[in-house]
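I opened this model to look up its strand pairing, a few individual residues and the places where the prediction should be read with caution. My entries follow in the order in which I looked.

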Amino acid sequence: MRIAQVPPLYEAVPPRLYGGTERVVAHLTDALVELGHDVTLFASAEAETKARLVAVRDQAIRLDPAELKSDLAAHITQLTEVRRRAHEFDVIHFHTDMLHFPFFEAMPDKTLTTLHGRLDVKDLPDVYRRWRQFPLVSISDDQRRPIPFANWAGTVHHGMSAELYQPSYEPGAYLAFLGRISPEKRPDRAIAIAQRLGMRLKIAAKVDAADLRYFQDKIEPLILAEPLVEYVGEIGDAAKSAFLGGASALLFPIDWPEPFGLVMIEAMACGTPVVAYANGSVPEVVEDGVTGYIVHDEDQAVAAVRRAVGLNRQEVRRRFELRFSATAMARRYLDLYAEALSPGRPGVAPERNSIRLDRISLRL
């Protein structure tokens with residue numbers, strides 16, 4: 001197939017530090033190339049990819065030092081270039097939410113759109129009612145709940161390159177929190193759990209400008225007051241194997257409808273079990289008692305950490321390879337691409353077309 005991949009331009013592909021969507025696109029793109037497909041990536045110039053790169057911006061937006069910049073203008077430029085070259089592709093796979101809909105109204109059957117964010121947001125339902133001709137992919141079944149009426153073509157859980165992460169099968173020496181400092185990610189819960197267990201906690205996390213006050217007022221005082229807690233800042237892929245592999249468990253104490261939670265499978269790739277609160281996608285990602293434990297409160301989380309250290313870390317890694325490798329993700333998307341191109345495909349995909357990780361043949 002001739003496939004175009006269109007990620008957002010906020011982070012490099014893959015991101016230098018924190019970043020979920022662009023990281024997934026990077027792994028999907030490379031896996032599609034490895035499976036023999038002709039892939040073109042429309043991204044910023046510093047992208048590292050096995051595909052053909054069309055550079056639509058000199059660098060990703062977030063780490064661009066320019067004082068004044070327009071993310072809207074950057075994405076309009078990107079989408080205009082994709083539209084100009086649309087005839088070159090069998091499938092155009094968008095990861096840009098709904099921004100491309102007005103540009104591609106004449107060719108929705110040539111597109112597939114993966115939605116990467118939360119959908120319980122005002123104004124979104126009207127968009128997906130207005131442009132029902134565009135087939136959509138959810139990254140978890142739970143993500144769909146706010147807009148069940150949308151034109152869902154399938155659910156494909158994220159995958160990552162297995163080679164990127166080196167697992168550790170030795171018992172870990174601390175608890176890990178990885179991702180972003182924000183109220184919905186609940187780093188305060190992670191600190192409380194570690195305190196009750198008397199275990200060290202390492203926090204490797206990004207602090208967005210929007211969350212700086214929350215970090216300074218709520219989280220930084222907790223870190224400074226607790227010698228067992230270490231804040232190591234934002235880390236990139238190169239540091240994740242050591243950080244996650246050295247942990248007894250990853251704490252994922254979220255308090256929001258997490259669409260997927262990439263850090264959970266990153267931990268599994270390192271052989272590290274996950275203790276996660278039962279919100280959003282968590283029950284779809286964590287296999288309770290196998291790759292970690294699903295909990296509902298702090299008491300359960302404390303007990304789960306004690307049990308998690310006894311889980312088989314080789315099995316945690318094996319389940320990652322089976323369910324969440326980049327190759328497995330790419331094969332699932334190839335099924336959806338083929339379905340999108342099949343003659344007589346209905347304009348609105350029926351619910352039965354949803355692709356579930358626990359049912360599909362991986363054909364590996």
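I began with Ala-176, whose bridge partner in E9 is Lys-202. Strand E8 (residues 174-180) and strand E9 (residues 201-206) are paired in the parallel sense over six bridges, where I take two strands as paired if DSSP finds at least two bridges between them. Helices (H or I, at least four residues) and strands (E, at least two) are DSSP runs, numbered from the N terminus.

Residues are numbered from 1 along each chain as its sequence is written, and side-chain values use heavy atoms, with hydrogens and water left out. For pLDDT, the predictor's confidence in each residue from 0 to 100, the chain has a mean of 93, and 94% of its residues reach 70 or more. Over residues 346-364 pLDDT stays under 50, although the model has 41 contacts beyond four places in sequence for them, a contact being heavy atoms within 4.5 Å. Where pLDDT is low, the predicted coordinates should not be read in detail.

Strand E1 (residues 2-6) pairs with E2 in the parallel sense over four bridges, and Ile-3 stands opposite Val-39 in E2. Between these two strands the chain passes through helix H1 (residues 21-34), and this β-α-β crossover is right-handed: with the strands pointing away from the viewer, the path from the first strand over the helix to the second runs clockwise. Five bridges join E2 to E3, which run parallel, and Leu-41 stands opposite Leu-53 in E3. Six of the seven residues of E2 are buried, that is, under 20% relative accessible area, with exposed over 50% and partly exposed in between (1.4 Å probe, protein chains only).

Ala-47 sits in the loop between strand E2 (38-44) and strand E3 (52-57) and counts as buried because its relative accessible area is 12%. Leaving out residues up to four places away in sequence, Ala-47 touches Val-13, Leu-41 and Leu-53. From Val-13 to Pro-14 the peptide bond is cis, with omega near 0°, and Pro-14 lies in the loop between E1 and H1.

What is the relative accessibility of Arg-323? I found 9%, so Arg-323 counts as buried; its place is in helix H10 (residues 313-324). A polar atom of the Arg-323 side chain lies 2.8 Å from the backbone oxygen of Glu-284, and the side chain of Arg-323 also reaches the backbone oxygen of Val-285 at 3.1 Å. A polar contact here is a pair of N or O atoms within 3.5 Å; within protein, one must be able to donate a hydrogen and the other to accept it, and residues adjacent in sequence count only if both atoms are side-chain atoms.

Technical notes: This is a predicted model: local features need pLDDT of at least 70, side-chain atom pairs count only at pLDDT 80 or more; totals for chains, interfaces and linings use all residues.
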